[in-house]
Amino acid sequence: MDNQRTGFQMSIYVDNSKVPFKGKEWCHMMADSLDELHHFAHQMGIDIRLFHRHASYPHYDITIQMREIVLHHGAILADRRTIIACGKKLKLQLNIDAH
């Protein structure tokens with residue numbers, strides 16, 4: 001996805017999960033880097049409180065309805081292998097940034 005303000009490429013990924021919670025269905029959003037992830041989430045109006053830094057892999061929980069919106073804005077529907085690989089990179093980056 002080309003960010004028009006900065007001109008750099010970013011890849012945002014969402015999975016096909018449908019996890020029921022509090023009357024809604026949720027999925028996960030990740031990116032190639034934490035900066036990209038937070039930047040995109042901010043652009044989309046996704047609350048930072050939906051970011052899970054202490055989960056198995058850092059990610060945002062988003063509703064299925066929000067998934068459709070982020071897909072429309074260039075996010076990529078990713079398979080499990082891609083989501084796990086991405087999550088591992090984010091976790092490593094989170095651990096490095098913490099030191």
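Begin by selecting residues 12-14, which form strand β1, together with residues 24-31, which form strand β3: in this predicted model the two strands run antiparallel and are joined by 3 bridges. To see one of these pairings, highlight V14, whose bridge partner in β3 is M29.

Select V19 next and look across to β3, where W26 stands opposite V19. The hairpin of β2 and β3 has 2 residues between the strands, and within this hairpin you can pick out K22, which takes a positive phi near 50 degrees.

Now turn to residues 59-63, which are strand β5, and follow how β5 pairs with β3 in the antiparallel sense over 4 bridges.

For the last stop, select D15, which lies in the loop between β1 and β2. Is D15 buried or exposed? D15 is buried, and yet this residue has no salt bridge: if you show R67, the nearest side chain of opposite charge, you will find R67 4.8 Å away, whereas a salt bridge requires the nitrogen and the carboxyl oxygen to be within 4 Å. Show S17 as well, because its side chain and that of D15 are joined by a polar contact of 3.0 Å. Finally, display the residues that D15 touches beyond four places away in sequence, which are C27, H28, R67, L77, A78 and I83.

Definitions and conventions:
Residues are numbered from 1 along each chain as its sequence is written. This is a predicted model: local features need pLDDT of at least 70, side-chain atom pairs count only at pLDDT 80 or more; totals for chains, interfaces and linings use all residues. Side-chain values use heavy atoms; hydrogens and water are left out. Two strands pair if DSSP finds at least two bridges between them. Buried means under 20% relative accessible area, exposed over 50%, partly exposed in between (1.4 Å probe, protein chains only). Lys and Arg count as positive and Asp and Glu as negative; His and the chain ends are not counted. A polar contact is a pair of N or O atoms within 3.5 Å; within protein, one must be able to donate a hydrogen and the other to accept it, and residues adjacent in sequence count only if both atoms are side-chain atoms. Contact means heavy atoms within 4.5 Å.
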